[in-house]
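Come along and check each entry against the picture.

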Amino acid sequence: MTDAAQPFAIPVFVVVPPRVLLLDVAGPIEVLRKANLEQPTVRFTVTYIGPSATVGSSIGLAVTGVAALPECLPDSALVVIAGSTDAPMESSHPRDEQERADQTAIVAWLQRAIRPGIRLLSICSGALLAAEAGMLDGRECTTHHGCMEDLIRLAPTARVRDNRLYVEDGDRLTSAGITAGIDLMLHIVAEAAGHACALAVARYLVVYLRRGGSDPQLSPWLEGRNHIHPVIHRAQDAVVADPSRDWSVALLARLSGASPRNLSRLFNEQTGMSVTDFVNRMRVALAREMLAGSRLDMEAVAMRAGFGSARQLRRAWNRLNDGPPSAARSRLQLKAS
């Protein structure tokens with residue numbers, strides 16, 4: 001493989017605290033494992049780190065082979081702090097001196113190692129360690145609903161949000177309880193490797209129906225995905241890979257292995273929308289990204305998103321959003337900055 005063909009590497013360091021919630025590690029990192037298999041351009045390399053080489057977990061299974069906390073992190077690092085539990089399976093004793101010392105060591109390491117440019121991501125109660133280290137001061141953040149009061153106490157200047165699967169504030173990303181770490185890592189994969197890759201991973205994990213981080217609505221790229229019908233997924237995958245293509249029901253039917261009539265019937269049954277509605281939703285989602293990340297005029301955005309004109313874009317946009325796309329552009333770009 002030539003240098004030009006080498007994938008872009010994202011080093012991921014997973015902090016394993018005492019009494020680690022095993023799903024906080026296994027769920028998000030399974031997302032990365034599958035993402036590595038789905039595409040060749042981005043490679044997530046994972047290292048498990050912590051103060052102790054062996055850590056007890058929430059379900060009583062020991063986690064071994066944990067590397068020492070590194071003195072220095074690469075500039076492009078993503079640090080993931082897993083959560084922990086006070087009540088591991090078949091164990092009711094309080095944290096011992098070594099476990100308390102390990103938690104203190106993690107907090108001190110975060111204060112030393114996290115510098116501007118390094119993304120810090122917490123899963124569930126991992127936010128409490130980040131807060132204790134001062135990493136969430138003045139930031140928007142969230143955590144498991146059972147840890148909200150502790151997070152507010154540890155980070156009094158933070159803007160703690162409830163009823164959110166995850167919250168992104170610059171290079172600080174926090175997620176709610178346990179399986180929300182999967183949603184957050186799918187968000188990371190979508191940013192780094194594209195929506196098609198994230199959708200393929202979500203399909204593998206059977207977690208199609210998910211919300212966006214700070215958005216009470218469903219992520220538009222995953223709308224209509226709360227089913228496991230392979231024919232519909234084939235059609236949806238084709239549209240998501242290239243929303244701007246001139247998609248007809250007949251073309252999608254050929255690609256998905258169904259007749260046009262059967263595809264239309266299945267689409268309505270499985271997704272609650274028509275084929276045309278789904279295509280337009282994906283085009284609006286693509287237009288939204290271009291409005292947020294480019295200076296293209298409305299006509300150019302419309303054409304690149306697959307609409308025949310800016311008027312068609314506005315018509316489709318207004319069916320799904322309050323206010324015109326021009327107003328959304330200012331709001332989206334302000335949020336991105």
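**Notebook: a walk through the model**

**Entry 1, a strand residue.** I began with Ser122, which I found in strand β6, residues 119–122. I kept in mind that this is a predicted model. Is Ser122 buried or exposed? I looked up its relative accessible area, which is 1%, and since buried means under 20%, Ser122 counts as buried. Next I asked which residues Ser122 touches, leaving out those up to four places away in sequence. My list reads Ile81, Ala127, Leu173, Thr174, Ser175 and Leu184. I also checked Ser122 against Gly50, 72 residues away along the chain, and their C-alpha atoms are separated by 15 Å.

I turned to helix α1, which runs over residues 22–38 and has 17 residues. From its first C-alpha to its last, α1 reaches 24 Å, close to the 24 Å expected at 1.5 Å a residue. Which residues of α1 are buried? I wrote down Asp24, Val25, Gly27, Pro28, Ile29, Val31, Leu32, Lys34, Ala35 and Asn36. Then I looked for what covers them, and found that the cover includes strands β1 (8–15) and β2 (42–49), along with helices α5 (180–193) and α6 (195–205).

Lys34 was on my buried list for α1, and I came back to it. Where does Lys34 lie relative to Tyr204? Lys34 lies over the face of the Tyr204 ring, at 4.4 Å from the ring centre. While thinking about rings, I also noted that the structure holds one aromatic pair.

Last, I looked up the second largest pocket, which has a volume of about 410 Å³. Of the 22 residues that line this pocket, I found Ser84, Arg95, Gln103, Ser125 and Leu128 closest to its centre. The elements that give two or more residues to the lining are α2 (97–113), α3 (126–132) and α4 (148–154). Which element gives the largest share of this lining? I noted α3, with four residues.

Definitions and conventions
Residues are numbered from 1 along each chain as its sequence is written. This is a predicted model: local features need pLDDT of at least 70, side-chain atom pairs count only at pLDDT 80 or more; totals for chains, interfaces and linings use all residues. Side-chain values use heavy atoms; hydrogens and water are left out. Rings of Phe, Tyr and Trp (its six-membered ring) pair if their centres lie within 6.5 Å; planes under 30 degrees apart count as stacked, over 60 as edge-to-face and the rest as tilted. A charge sits over a ring if NZ of Lys or CZ of Arg is within 6 Å of the ring centre and within 35 degrees of the ring normal. The expected span of a helix is 1.5 Å times one less than its number of residues. Buried means under 20% relative accessible area, exposed over 50%, partly exposed in between (1.4 Å probe, protein chains only). Contact means heavy atoms within 4.5 Å. On a 1 Å grid over the protein atoms alone, a cavity is a set of points where a 1.4 Å probe fits but cannot get out, and a pocket is an open set with protein on both sides within 12 Å along at least five of seven lines; lining residues have an atom within 4 Å of a point. Grid points are joined across faces, edges and corners, and a volume is the space filled by probe spheres set on the points.
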